[in-house]
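Here is a short report on one protein chain and its ligand. Keep the structure in view and follow along.

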Amino acid sequence: MSQIYNPAQPSDKVDNALHADYGTSYARIKPEGVDTTHGAILYLENITVSFDGFKALNNLNLDISVGELRCIIGPNGAGKTTMMDVITGKTRPSAGTAFFGQSIDLTKLTEYDIAHAGIGRKFQRPTVFEQHTVFENLELAMKMGKRLTVRTTLFSRLSSEQVDKIDACLRLIRLNGNERRLAGLLSHGQKQWLEIGMLLMQEPQLLLLDEPVAGMSDAETARTAELLNELRGKHSIMVVEHDMGFVAEIAQEGKVTVLHEGAVLAAGKMSEVQADERVIEVYLGR
Ligand SMILES: Nc1ncnc2c1ncn2[C@@H]1O[C@H](COP(=O)(O)OP(=O)(O)OP(=O)(O)O)[C@@H](O)[C@H]1O
Ligand SMILES: [Mg+2]
């Protein structure tokens, strides 16, 4: 998003910008176009990623059901972030297939088109527009989801429905009351919530969160768990985390997948993977 962030754009360019920003690929893939008739939002099959012969992912198989909240755990270097890179088109697998729903081949799309197809990704470091208010950040995210740029969105009027949507998001991310604050003045945890809110404004079908509670205080971590529990069932979500207390809070009775050396080592309920000798050996026991 930062590449198209340009608050200095004069207002008389707004109409032109609005026009120009509907590129030829506008809405080529609409989120509602994701075919999930077989119940899965994501299918990864035999994915291999090699870096100079080293296999960061090695025949990885994983799928996620519509509305599922899937936790991914595993030691450093297991390939968790690389898997998200494959899903979002940042890294191309050397072998294997990656499908979003039944019919969208992620290995054939650009990062930009994958984001627009409905996969939202949060990186570890928060990336919010620090010089804008919390409200403006959500407003910009909502409108950029429609492929408008910042320069356009700053000047276009909000409908009452859009204001309601932002208000609901503010409550969800625990930033109601802070909407007029500059994002740059928020705490680390609040910035993380704001970024999650910005992703939600774009109504992703699948949300990928890489270590969302890293660097958070215990209180912020607990609130983030609450937030994710509120999102359960409303979006399909993949969460990578090392904080096992947090994972237990959000996994509940759902499936936890353990990655190790680029492949799935184990999968099951949190209590099952915690009791798995292989998982204890490579990860939890250390
Ligand atoms: N661009 C790259 N070039 C070379 N090696 C890479 C590259 N990206 C990742 N790797 C290697 O691939 C392996 C998997 O890395 P990855 O970042 O996916 O692990 P991770 O499971 O996310 O670990 P962590 O828990 O530490 O974040 C590591 O050994 C890493 O050094
Ligand atoms: Mg990682």
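In this predicted model, pLDDT stays under 50 over residues 1-31. For that stretch the model has 39 contacts beyond four places in sequence. The score pLDDT is the predictor's confidence in each residue, from 0 to 100. Two residues are in contact if their C-beta atoms, placed from the backbone, lie within 7 Å. Where pLDDT is low, the predicted coordinates should not be read in detail.

Residues are numbered from 1 along each chain as its sequence is written, while chains are lettered from A and ligands numbered from 1 in the order in which they are written. Because the model is predicted, local features need pLDDT of at least 70 and side-chain atom pairs count only at pLDDT 80 or more, whereas totals for chains, interfaces and linings use all residues.

**The whole chain**

The chain averages a pLDDT of 86. Of its residues, 84% score at least 70. Its secondary structure comes to 11 helices and 10 strands. Helices (H or I, at least four residues) and strands (E, at least two) are DSSP runs, numbered from the N terminus. Of the 286 residues in the chain, 42% are buried. A residue is buried if 20 or more other C-beta atoms lie within 10 Å of its own, exposed if 12 or fewer, and partly exposed in between; the C-beta atoms are placed from the backbone. Take the contacts between residues at least 6 apart in sequence: 69% of them join residues at least 24 apart.

**The four-stranded sheet**

Strands of a sheet pair through backbone hydrogen bonds, either parallel or antiparallel. Here, two strands pair if DSSP finds at least two bridges between them. One open sheet has four strands in the order β2-β1-β4-β5, with antiparallel pairing. Its edge strands are β2 (54-65) and β5 (104-105), and each pairs on one side only.

Inside this sheet, five bridges join β1 to β4. Glu45 stands opposite Thr97 in β4. Strand β4 (residues 95-100) also pairs with β5, over two bridges. Phe100 has Ile104 of β5 as its bridge partner, and Phe99 has Asp105. The hairpin of β4 and β5 has three residues between the strands. There, Gly101 takes a positive phi near 65°.

Helix α2 (residues 80-87) lies across β1 (40-51), β2 and β4. It runs at about 65° to β2. Axes are lines fitted to C-alpha atoms, for helices over the stretch in contact, and angles run from 0 to 180 degrees between N-to-C directions.

How enclosed is α2? Seven of its eight residues are buried, so α2 is largely enclosed by the rest of the structure. Among them are Lys80, Thr82, Met83 and Asp85. Just after α2, Gly89 takes a positive phi of about 80°.

Helix α2 also gives the most to the shell around ligand 1, with three residues. The residues around ligand 1 include Phe51, Ala56, Asn76, Lys80, Thr81 and Thr82. A residue is near a molecule if its C-beta atom, placed from the backbone, lies within 6 Å of it. By class, the shell has three nonpolar, six polar and one charged residues. Ala, Val, Leu, Ile, Met, Phe, Trp, Tyr, Cys and Pro count as nonpolar, Asp, Glu, Lys and Arg as charged, and the others, Gly among them, as polar.

**The six-stranded sheet**

Another open sheet has six strands in the order β6-β7-β8-β3-β9-β10, with mixed pairing. Its edge strands are β6 (119-122) and β10 (263-269); each pairs on one side only. The twist averages 20° from one strand to the next. Helix α11 (residues 277-284) packs on this sheet, touching β3 (69-73), β9 (255-260) and β10. The direction of α11 makes about 120° with that of β10.

The bridge partner of Ile119 in β7 is Leu206.

Glu203 and Glu261 each have a positive phi although neither is a glycine.

| Residue | Phi | Loop | C-beta atoms within 10 Å |
|---|---|---|---|
| Glu203 | about 50° | between α7 (188-201) and β7 | 14 |
| Glu261 | about 50° | between β9 and β10 | 15 |

Are these residues buried, exposed or partly exposed? Glu203 is partly exposed, and Glu261 also counts as partly exposed.
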